[in-house]
Amino acid sequence: MKPTKQTPLNHLSLFYWQLQKWQKRPPNSRQFLSNLSSTTLTTSLKTNNKKLDVGSLSSINPRTAFKAYVETCISLLKTYLNQSWIKQGRTLHGHLIKTGISSDRYVAIKLLIMYLNCKRSDEVNEILREFGGFDLVAWNCMINAHIQNCNIEEARRIFDEMPERNEVSYSTLIAGFMRLGRVDESISYFEKNPFQDVVSWTTMISGFVQNGSNLEALKLFEKMLEFGIIPNAITFTCVVKTCIGLKDFGFGRCLLGLIVKYGLKSNLSVCNSLITLHLRMGDIESARKVFDQMEERDVVSWTAILDVYVEMGNLVEARRIFDEMPERNEVSWSAMIARYSQNGDAEEALKLFHLMVLDGYKPNISCFSIVLTALASLEALPLGTNIHGHLIKIGMEEDVFIGSSLIDMYCKCGKTEDGRRVFDSLSEKNVVCWNSMASGYSLNGKLEEARELFDRIPKKNTVSWNTMISGYVQNEQCDKVFEVFDEMLFSGGIPNGSTFSSVLRACASLASLEKGKNLHGKIIKLGIQYEVFMGTALTDMYAKSGDIESSRKVFNGMHEKNEISWTAMIQGLADNGFGEEALVLFEEIEKTSAMAPTVVTELIFLAVLFACSHCGLLEKGFRYFESMERVYGIKPRGKHYTCMVDLLARSGRLNEAEEFIKVMPFQPEVNAWAALLSGCSIYKNEDIAERTVKKLWELAEENSAGYVLLSNIYASAGRWTDVSKVRKLMREKRLKKIGGCSWIELRNEVHSFYCEDGCHSQSADIYAILELIHGSDE
């Protein structure tokens, strides 16, 4: 795996250099415009390489083309406003005063907006004085500016002092309260609003959507129609979002007729929202049809159609669409990068991020978070550290989403201490940050630290509980799994499919059938027994607990099955001695040509070869092995070859097994040699056994399994001196045989017993009874 991980890092060696270069660029060369000439203004724009749709001021004579001159000035002001170039803006203001254009009301409003956005109170007051009294538009601009700066109380004060208001005044203040989540105050001003036109209604509907109150938004829309207010494009866009949020696709279909009725079926914003609606409804064809029929498309349209192909699982077509996009922005770049990362192609996600930076786009918080996730999956610590340094320089490291991604990245690279430092440095932490740190500790086997942190989480959610439960499962501390699960139920936490899946895995590990049945009952009560992952987990649990009939029953009752479901059932049958039935089930998949390509995977072939091995089906095993690449295009991996070695060894074909290992196209797994050695132990072949042990020693010095098997071979042959030598060698190398373990379930509690272990609370009584039984047998 190491060479694979180096590939993206080599490709991205220029990426961080580009980030550093990007960071060091001067802030748009603000040293320009040191005088008032219009020529200098034009030069500044050219130097900054900014494209404008207007000519330069120097090419226009204001006496003969006054209107064109004013329009050019306004365009320049818009540019300065968008780029926050206050110095250039003030220079232009001085020029406008000289030419007398600053007295034009429209120009004055634009200057006011620029100064309000740049928080220049002196200039704002000067312009207000020039208006010579109250101006409704100017006061509305001030309300909006204070809302943009999150100063809602000052905006309210100005609103209350206004001698006159219009629909913009009310709508701006209502939107401001909604933006800050103060829904009740928004409702209050809406009810007082005498100008209840489509704008004010749409403002309220949009505000409800922003605050996640989709049902209230839908009710208000229905009320709006009852009052005879005709919706506009923005209204429909908001209501479509509401239907998506509520998954009320029936209402969504009803909207289509209204959209046509009011002549908005070609509106850009409405069409964009309809693409997403059709996608969420699962109607891919209609989504594509809307896109194809659009007279005009923007970045949102192209990004929406990207989602269509991603939803279909066709990432190749999604990339083709992305490459054909006439324009892109940070959102479209981030969307495509996210799709690759979510689909497990972290390398391609990073390559695309590299291209994004080279094209001069500034990644946003969401994009950096996605990239850190990709780096975590590749364990690319050096590049992740560089990104972290850059985030500190641009002041993003305090963001909770960035913070949780950094924690995840460091922990997945094995640096839990660095992850903890990031966690401790966050001034504000949400539950995602807490969960990421707890998960990081669990991932690295530090369960005590994980539990200590978990207990301190201020407000646990389902993910918090799942993190702790899955951590214990991954570290094979299954008794703790049930403790945490009981705590979750006692505290009022509601388990989801992921919770049950982890706890069922613990039941399967302990073969705790009673606990598994108990969980099955809870799953049925919650009504999630038909979900594919839930059915798969139950199938696996029953099979590993020895109840193959219940496993079959769950599997046969599943409405939908994926490759993991089929693999679990085939593996379960093979584990329980029903190898022939396992192969019949696989052949059922093969006969269903439509299902085979999506279901038959590397995992399912492992289960099939395992079944052949444990049932001694040599010919079938080789037939299936050869069909992997020939029929399904699946290249066998190390584990598949190991299964074949095991099949030959169990069949007594030890020489063939040894030769099979030698001709493997890559380095054999340790388990392949161990399987051969196990066969030598069964068939007492000391020569091949000794050669095999030498290979095992070369491959894994810390692996005791080969030495234990060799010791068993010598013991079965009565070569006690050699047994002693092997045991001595193991002691010198500090290799230990893992003690045997058995367990029983009594009154819904699992009792574990290890070899030469006296830790059980009733050990003395147990051994006394064993001695009594042993004595009576004699």
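Start by selecting glutamate 476: this residue is exposed, with a relative accessible area of 70% (exposed means over 50%, buried under 20%, partly exposed in between, using a 1.4 Å probe and protein chains only). Glutamate 476 sits in the loop between helix 28 (462-474) and helix 29 (478-490). Helices here are DSSP runs of H or I with at least four residues, numbered from the N terminus. Look at the backbone too: phi of glutamate 476 is near 60°, a positive value in a residue other than glycine.

A quick note on what you have open: this is a predicted model, where local features need pLDDT of at least 70 and side-chain atom pairs count only at pLDDT 80 or more, while totals for chains, interfaces and linings use all residues. Residues are numbered from 1 along each chain as its sequence is written, and side-chain values use heavy atoms, with hydrogens and water left out.

Next, hop to glutamate 379, in the loop between helix 22 (365-378) and helix 23 (381-393). Its phi is near 55°, also a positive value in a residue other than glycine. At 43% relative accessibility, glutamate 379 counts as partly exposed.

Now for some rings. Select phenylalanine 322 and tryptophan 333, an edge-to-face aromatic pair with 5.2 Å centre to centre and 80° between the planes. Rings of Phe, Tyr and Trp (its six-membered ring) pair if their centres lie within 6.5 Å; planes under 30 degrees apart are stacked, over 60 edge-to-face, and the rest tilted. Phenylalanine 322 belongs to helix 19 (residues 315-324) and tryptophan 333 to helix 20 (residues 330-342), 11 residues apart. Are these two buried or exposed? Phenylalanine 322 is buried at 1% relative accessible area, and tryptophan 333 is buried at 2%.

Move on to phenylalanine 625 and tyrosine 641, another edge-to-face pair. Phenylalanine 625 is in helix 38 (residues 618-632) and tyrosine 641 in helix 39 (residues 638-650), so the pair ties together parts 16 residues apart in sequence. Both residues are buried.

For a group of rings, select Phe159, Tyr170, Phe177, Tyr189 and Phe195, which form one aromatic cluster.

Last stop: helix 35 (residues 579-591) and helix 37 (residues 602-615), which pack at about 145° with axes 9 Å apart. Axes are lines fitted to C-alpha atoms over the stretch in contact, and angles run from 0 to 180 degrees between N-to-C directions. Colour the contact residues (heavy atoms within 4.5 Å), including Phe586 of helix 35 and Phe605 of helix 37.

Note on methods:
Helix = DSSP H or I, 4+ residues; strand = E, 2+ residues; numbered from the N terminus.
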